[in-house]
Structures are given as C-alpha cells and as structure tokens.
Amino acid sequence: MPIVIGDTPLTRHQVVAVARAGASVELSKAALDRVAEARAVIDGLASDTRPHYGISTGFGALANTQIAPDDRAQLQRSLIRSHAASSGDAVETEVVRGLMLLRLQTLMTGRTGVKPETVRLYAGMLNAGITPVVGEYGSLGCSGDLAPLSHVALAAMGEGMVHVAASGSRGAAIPAAEALSAAGLEPVQLAEKEGLALINGTDGMLAMLCLALDDLDRLLLTADLAAAMSVEGLLGTDSPFAADLMALRPHPGQAASAANIAALLADSPVVASHKGPEDTRVQDAYSLRCAPQVHGTARDTHAHAARVAEIELASAIDNPVVMADGRVVSNGNFHGAPVAAVLDFLAIVTADVASMSERRTDRFLDPARNYGLHAFLADDPGVDSGLMIAQYTQAGIVSELKRLAAPASVDSIPSSAMQEDHVSMGWGAARKLRRSVDGLQRVLAVELMTAARGTEMRGDPAGPRTGAVIAALRETVEGVGPDRIVADEIAHAVELVASGRAIAEAGLTDSSEGAAS
C-alpha cells in the first residue's frame, strides 16, 4: 500500500520503507490543494514592484540584486545548475531516495510555493525508481543540503544523470531526460521561488539519521545478545543484571539492556554450572558486568535522537516560507544544528558499544583470562591461529570508530561571501555515522563468532536462546576445527547480524519493524 504524503508527518519507519525498501508514495488531495494555494501567493508577489527574496531577487549574498521578470525562469535554472556542485563517489540509493521523500513532504505542506506539477513529478520519480546521482561531498548542512538536493532538482529539470532501479538493484547511470521519458514523466519548468524551495532543507542529513536509527534499533539488540553470549562463554555471572540493581540507577536504556541480557541467559546450563560455592570469583570484568550501562547509554541516546527526528519530520523547512496568512517570510529553520548534534552523539555511543564488544572478544582469546579455553580458541594452538586475526580486524574497526566519533558539528567554515557565516556540517556528521554503524555491525558479528566458539569449547550446551543463535551461525560458519579462511566466516556472521536473523533467533524484538516513531 502506498504511503500517503501530506496528511500527517511521516514517521522515521515510513522514511525507511520508501528509502530502503522501495515503498511507493501517493499524494494527498487536500495537501495538493494547499500546494496550489501557496503557489497562488507566489504568483501574486511575482508581479509586485517591491523585491521579494527568491522570487524577484538573487540568492544568498546576491539577495539585494533585483531580477527582471523575463530573467526569472533562467534564474531558477541557473540556481539549480550552479548549486549541483557535489563531488566524489555517488551517495547510496537509499540516502537519495530518503532526501527526495523528505523534500517532497516539505513541499506538500503548502509552505514552499512550488507548483502542483513539481510535487507530482517528485512523487513520480520516487515511484519509478529514478534516483539522481549525488556526489558524497558538497553540503555544509546550512541553507539546507544544497548540493545534494540540487542534483535531485536538476534531474527533475531533465538534466544530469540518474540511476534507475532494476530488480531492486541500482542500474547504470543514464541521462535524466532519458529516464523521465521512459517513465512517462515530463521535466518541470521551474517558476519563481521553486529553485529555492527544492534545495533549502535538511533532508539529506535527516534521511541518514532515520536510516541510522533503523540500523541501531537492530544493532543495540545485537549488542545485548553478543554480551550475553560472551558472559555465558566466559563463565560470567548473570547476577549484575538483576532488575532490583538496575532500579538503583533508573536509566531506562540501562534497564532494558539488563533485562535483555538476563532473559537471554535464563536457563543456561553454562551459567548454572558455576553458580555454586566452588566459583571463587567475586565479580566479572567491566566489559561483562557493565554492558547494560554502556549499551543503555547508547539506547537513551538513540531515544533522544529519535525524538529530534520526529520533530524534524513534522517540520516545514524552507527559506523563505509561505505562511498561512499569505506572508512570505525569511527565516533560519534550514540550519542543520539540531540534526547534526544528534548524528555526532550517535557516533560517540556507537564507538563505545563497539569498543566494549572488542574487549569481550579479546578476553576469549587470552588463555590468562578465558578460564581454561585454548589460546585464540585455536583447535591446535601453534599449528592453528584460531580467531587471533579476527580480533585484529575488530581492533582496526574500533580504532576508526573512535576517530569517527570526533564531532563534525563543532566545525564551521563560512561560505557565500560571509552571508552564510555559520554552518552545521550535519551532512558530514551523517556520512561518518553511516560508516560508524557499518563498523559496529562488523565488530558485533566477530564477537558472536567468538562467543559461539568459546561456548562450544566448554562442552556444556548453551542456553536455549543463545543456543539457537549458535545453531543459525553454524549453518554457514563451521565450529571448532583446523584454521579456515576467516574472512569468509566473518562475512557470513555479518549477514546473520545485518539480516536481523541473529536477534530473531534469540527472540529479541527489532523495534524498527512496524514500530511507531
């Protein structure tokens, strides 16, 4: 069923459905009427002898330059062509679809002054799987994601290059005019104000925030699963995860994480095997005992970022905007600071969760700390190296995640002849968060591999829920035995995590599936 645009704000899960899963969209009739009403306001101002920003003037530092009526169509084309200045590798299809959808949502609020034909074209491009080619570099996250959004507007004009979805994958880049024609779509002829309306939003960084939140819904559950499997395989205790202990420090994320870990360890024969007086250890290492505190911090950060996303999704971001009373007013709502800050915050906690995961993995491989297991979990230590280098891979990723945790949003490089003298760098924050999330996924996959092998080497069966995960892993990754090509096994483990099957086998719920924002 298509997702209706214009009646109510999109949820972050709907954004993911369109951006990542290819869901189609439908335009609300009532919202289209609002679009037409706002356009009538712009048309009225276009004939006014007084200057109006973006309607009868230039842009940015050229705002005081009045443009003659005969030159205004060219002004719009020139704006889009000059601002389509991205560079670097093409941004992922899901990101471009997300920013297209979010710009369409703002256009459908009736606050931007675009023509109804323009919003219909954007919806048509989404439904036809036409994805403009957008380079990775070009946005400073202020005055909106100008360059990325300009490439979308360029394609709507029938210029530039696009990818067209083919059986769910991205096809080769072709001219936009060719793709529009094949889909039965007409390029738009931009009128006054439309160029600005199509590019003045935080849509790129917000799309990447929604996608990252969706990934972290799954990965924070996976982190709890990995921690539980490590506690089990390292002969740890489940006592620190008790609900009454969590109540002494009632952070909601911490309580949720502890409850997950405790539930995963329930009925584990391995945990039960060392609960008696023969176990003289007083307490486990921090990477085991404090997992709820670190994972919980990430959860609470995620919740805060989701609230920011929800507010942004209910916003109409443009400059100038058409108010309900017909005024056209300049503003600063395009500044990306609210989104940029939480993107950076998520990168920090992502690095921390990954760092703790790597430390648990390392304990498995060290015979001085793994309580009786072979060095590096090797089948024949010396002849075999086991999972020694898998931990190196983890460590390399974690080191990069720490670098990526350095905030982008504290930087600002003035632009547009000092008219835009403070920018958010939110696009950069979003790009590095995507890499951080991918790194966390790989780190957790290695921990699952390691914990599964360590637990199997104990001899006692794993608990019912962790055992189900080990059984799923064993469908593609062999257990203890002579050395094999580890890269292949890591790839299979990553797929188990990325698909959501790991948490599904463990009976954990992925809140990204159909949940409200």
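Start by selecting helix α1 (residues 12-19) together with helix α9 (residues 203-233), which pack with their axes 9 Å apart and at an angle of about 100°; helices here are DSSP runs of H or I with at least four residues, numbered from the N terminus, and axes are lines fitted to C-alpha atoms over the stretch in contact, with angles running from 0 to 180 degrees between N-to-C directions. This makes α1 roughly perpendicular to α9, a word that covers angles of 65 to 115 degrees. This is a predicted model, in which local features need pLDDT of at least 70 and side-chain atom pairs count only at pLDDT 80 or more. Residues are numbered from 1 along each chain, and side-chain values use heavy atoms, with hydrogens and water left out.

Next, select the cysteines. With a disulfide taken as a pair of cysteine sulfur atoms within 2.5 Å, the count is zero. C142 is in no disulfide, and its nearest cysteine sulfur, that of C210, lies 20 Å away. C142 is buried at a relative accessible area of 7%, whereas C290 is partly exposed at 22%; buried means under 20% relative accessible area, exposed over 50%, and partly exposed in between, with a 1.4 Å probe and protein chains only.

Finally, go to G481, in the loop between α18 (464-473) and α19 (486-498).

Technical notes: Helices (H or I, at least four residues) and strands (E, at least two) are DSSP runs, numbered from the N terminus. Angles under 35 degrees count as roughly parallel, over 145 as roughly antiparallel, 65 to 115 as roughly perpendicular and the rest as oblique.
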